[in-house]
There are 2 protein chains.
Amino acid sequence: MSATNRQVRLAERPVGLPGPQTWSIDEADVPEPRDGQFVVKTEYVSLDPAMRGWLNDVRSYVPPVEIGAVMRAHAVGRVIASKHPDYAEGDAVSGTFGVREYAASDGRGVVKVDEDLAPLPSWLGALGMTGMTAYFGLFDVGKASSGDVVVVSGAAGAVGSVVGQLAKDAGCTVIGIAGGPDKCAWLTDELGFDAAIDYKAERVGRRLRELAPDGIDVYFDNVGGQILDDALARLRLNARVVICGAISTYNATEPQPGPARYMSLLVNRASMTGFVVFDYEDRYPEAAAAIGELIRAGKLTPREEVVEGGIAKFGETLNLLFEGANTGKLVLAL
Amino acid sequence: MSATNRQVRLAERPVGLPGPQTWSIDEADVPEPRDGQFVVKTEYVSLDPAMRGWLNDVRSYVPPVEIGAVMRAHAVGRVIASKHPDYAEGDAVSGTFGVREYAASDGRGVVKVDEDLAPLPSWLGALGMTGMTAYFGLFDVGKASSGDVVVVSGAAGAVGSVVGQLAKDAGCTVIGIAGGPDKCAWLTDELGFDAAIDYKAERVGRRLRELAPDGIDVYFDNVGGQILDDALARLRLNARVVICGAISTYNATEPQPGPARYMSLLVNRASMTGFVVFDYEDRYPEAAAAIGELIRAGKLTPREEVVEGGIAKFGETLNLLFEGANTGKLVLAL
């Protein structure tokens with residue numbers, strides 16, 4: 001067992017994009033499990049746009065990460081020692097273990113993962129919180145069903161790429177919005193999206209009008225900003241706008257404008273609804289079973305972008321999200 | 001029978017606030033009813049913020065009023081001649097008769113009104129489209145129920161004042177937002193609102209925090225702009241924001257910012273939903289019966305602000321809405 005347990009702590013709250021000064025790394029002892037606990041060696045840490053929100057000292061759906069605290073993160077790893085009756089050495093598990101090399105856990109919020117179905121990183125992506133977010137956002141909040149025109153932004157990202165594949169399997173017409181020709185080609189050629197819009201090269205509003213001439217039934221928003229407005233302007237009657245995130249605004253240092261076209265909700269008798277995946281915890285098994293089945297049947301392709309380099313690279317890896325550098329689920333290998 | 005039928009037509013599309021050049025008045029013959037028709041002499045014309053939207057040449061929930069066409073308007077009046085089996089001379093009726101002194105109708109969309117329950121102007125207000133809007137917006141879209149904290153803007157206006165009274169009767173705590181001490185006093189002293197905020201004199205966000213320390217369950221928005229943002233910032237978990245109108249923006253000549261605080265929908269798992277009362281046409285009798293019952297029981301006070309002066313005063317009377325000059329339902333007496 002390694003002698004040290006390196007941990008990433010929040011050193012100071014960032015203004016704008018987090019930088020090196022945002023984080024500190026220290027070394028603690030590797031914990032020993034107490035009765036009812038096990039200790040996990042973290043192998044992959046999840047990087048999520050929502051993390052940026054957790055750094056702000058504001059009331060939100062979870063408390064902010066305190067200054068000096070180990071950074072909150074979902075992770076997967078392997079049990080290396082256990083005094084917990086349900087977990088044995090060698091078990092692969094996922095949980096909110098934080099950005100550290102080793103974590104003690106009493107099993108709360110922990111899920112055993114099945115490496116026969118998919119390798120560990122996928123359990124942070126399509127089979128993890130990412131997949132749960134896509135599933136409940138699309139079907140429960142967005143009420144997507146066969147025949148709907150579904151548009152998803154951040155479509156080549158972790159959640160977006162699963163949303164689009166779930167929607168295709170459900171019989172929807174799927175249009176993805178992503179940045180750059182490679183991501184767009186991946187969406188249409190590999191994932192089976194009906195169309196993709198490269199927001200860096202194309203006018204999103206005009207392309208939506210061409211690709212969805214009768215309007216949009218479900219808009220799943222991961223980005224906010226102008227793209228949200230472009231989608232609002234193209235809603236169909238009784239459309240549902242799902243507010244999952246707004247990554248384009250997370251590092252803004254000035255107040256960001258809201259969606260100017262929100263009165264489209266009135267004209268189209270449409271709704272815009274926010275959600276937080278944690279509320280669906282009781283139903284994670286349902287979503288995991290459905291997504292697992294699609295993976296087994298070859299109908300859903302999980303994709304992760306695994307960054308090597310360990311704990312020390314956490315800060316710069318997180319920022320890849322805000323540069324739009326990743327395709328699929330971004331994870332850090334420890 | 002008068003020899004002429006004065007009618008208000010749209011002369012040109014306004015930019016910003018409508019002015020004298022927006023309207024023209026001409027004189028036509030008083031129509032004779034054909035078989036299956038009756039002719040109504042208009043007594044009161046409804047003035048609605050939504051009229052401003054009908055003047056814009058944009059896709060919306062109804063077609064724009066064409067240049068040269070008689071201005072669309074709800075009105076109440078009395079049948080003066082009939083070749084329709086269901087309508088007799090002297091019947092009091094409401095319908096979308098337009099801004100004119102006489103109209104021919106085949107009865108489509110026309111409702112006979114009961115003057116024993118309330119005088120004619122109330123059939124444009126609490127018992128008319130105004131009341132329908134309040135009822136379906138509050139209960140069907142907003143899903144208000146006993147114990148909810150309901151906040152309504154434009155609270156001393158036609159729809160807002162009915163929303164608040166319906167919500168009080170349903171067991172909600174009701175906070176109204178209105179302009180000026182007289183309107184606020186009317187809401188609390190006469191209509192039984194729990195509290196009123198004078199947005200011209202008070203900081204709405206701060207007052208909402210004081211008056212609704214646990215947050216808002218239903219926000220019924222008639223005004224848009226900064227007040228919508230103030231309400232979004234104070235939502236409670238699973239709150240419903242009802243988008244009924246945005247009068248603060250209707251005459252803007254510059255693009256208006258959207259609700260910057262819309263991500264509160266995510267944090268609070270809340271929804272923002274638009275609606276158009278016409279969708280509930282099949283259920284108007286249900287709402288009219290419920291509101292009529294409350295009026296009969298003295299639990300709902302209809303109030304109209306009746307402007308005298310006839311057809312020639314239509315344009316300037318409409319603008320009173322945008323000055324916030326009216327309390328209750330604004331109608332023009334012909």
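This is a predicted model: local features need pLDDT of at least 70, side-chain atom pairs count only at pLDDT 80 or more; totals for chains, interfaces and linings use all residues.

**Helices 2 and 3 of chain A**

- Helix 2 of chain A covers residues 129-141 and helix 3 of chain A covers residues 158-169; their axes come within 8 Å and cross at roughly 50 degrees.
- Helix 2 of chain A and helix 3 of chain A are therefore described as oblique to each other, and the crossing is right-handed.
- On the helix 2 side of chain A, the contact is made by T130(A), G131(A), T133(A), A134(A), Y135(A), L138(A) and F139(A).
- Facing them from helix 3 of chain A are A158(A), V159(A), V162(A), V163(A), L166(A) and A167(A).
- Sorted by class, the contact between helix 2 of chain A and helix 3 of chain A has 10 nonpolar and 3 polar residues, with no charged residues.

**Helices 5 and 6 of chain B**

- In chain B, the axes of helix 5 (residues 204-211) and helix 6 (residues 225-232) come within 9 Å, crossing at roughly 30 degrees.
- The crossing of helix 5 of chain B and helix 6 of chain B is right-handed.
- V204(B), G205(B) and L208(B) come from helix 5 of chain B, and they meet I227(B), D230(B) and A231(B) of helix 6 of chain B.
- By class, this contact of helix 5 of chain B with helix 6 of chain B has 4 nonpolar, 1 polar and 1 charged residues.

**Aromatic rings**

- Over all chains, the structure holds 14 aromatic pairs.
- One of them joins F220(A) and F275(A): the ring centres are 6.4 Å apart and the planes stand at 75 degrees, so the pair is edge-to-face.
- This pair links distant parts of the chain, 55 residues apart: F220(A) is in strand 11 (residues 216-221) of chain A, and F275(A) is in the loop between strand 13 (271-274) and helix 8 (284-296) of chain A.
- F220(A) is buried, with a relative accessible area of 0%, and F275(A) is buried too, at 5%.
- In chain B, the rings of Y135(B) and F139(B) have centres 5.3 Å apart and planes at 75 degrees, so this pair is edge-to-face.
- Y135(B) and F139(B) are 4 residues apart in helix 2 (residues 129-141) of chain B, which means that about one helical turn separates them.
- Y135(B) counts as buried at 11% relative accessibility, whereas F139(B) counts as partly exposed at 25%.
- Back in chain A, ring pairs link Y135(A), F136(A), F139(A) and Y280(A) into a cluster.

**A buried helix**

- Why is helix 6 of chain A described as largely enclosed by the rest of the structure? The reason is that 6 of the 8 residues of this helix (residues 225-232) are buried.
- The buried residues in helix 6 of chain A are I227(A), L228(A), D229(A), D230(A), A231(A) and L232(A).

**A loop glycine**

- G109(A) is placed in the loop between strand 6 (102-105) and strand 7 (111-112) of chain A.
- Is G109(A) buried or exposed? At 54% relative accessibility, G109(A) counts as exposed.
- Leaving aside its neighbours within four places in sequence, G109(A) is in contact with S94(A) and G95(A).
- G109(A) and S94(A) are 15 residues apart along the chain, and their C-alpha atoms are separated by 8.4 Å.

How values were computed
Residues are numbered from 1 along each chain as its sequence is written. Chains are lettered from A and ligands numbered from 1 in the order in which they are written. Side-chain values use heavy atoms; hydrogens and water are left out. Axes are lines fitted to C-alpha atoms, for helices over the stretch in contact, and angles run from 0 to 180 degrees between N-to-C directions. Helices (H or I, at least four residues) and strands (E, at least two) are DSSP runs, numbered from the N terminus. Angles under 35 degrees count as roughly parallel, over 145 as roughly antiparallel, 65 to 115 as roughly perpendicular and the rest as oblique. A crossing is left-handed if the near helix is turned anticlockwise from the far one by less than a right angle, and right-handed if clockwise. Contact means heavy atoms within 4.5 Å. Ala, Val, Leu, Ile, Met, Phe, Trp, Tyr, Cys and Pro count as nonpolar, Asp, Glu, Lys and Arg as charged, and the others, Gly among them, as polar. Rings of Phe, Tyr and Trp (its six-membered ring) pair if their centres lie within 6.5 Å; planes under 30 degrees apart count as stacked, over 60 as edge-to-face and the rest as tilted. Buried means under 20% relative accessible area, exposed over 50%, partly exposed in between (1.4 Å probe, protein chains only).
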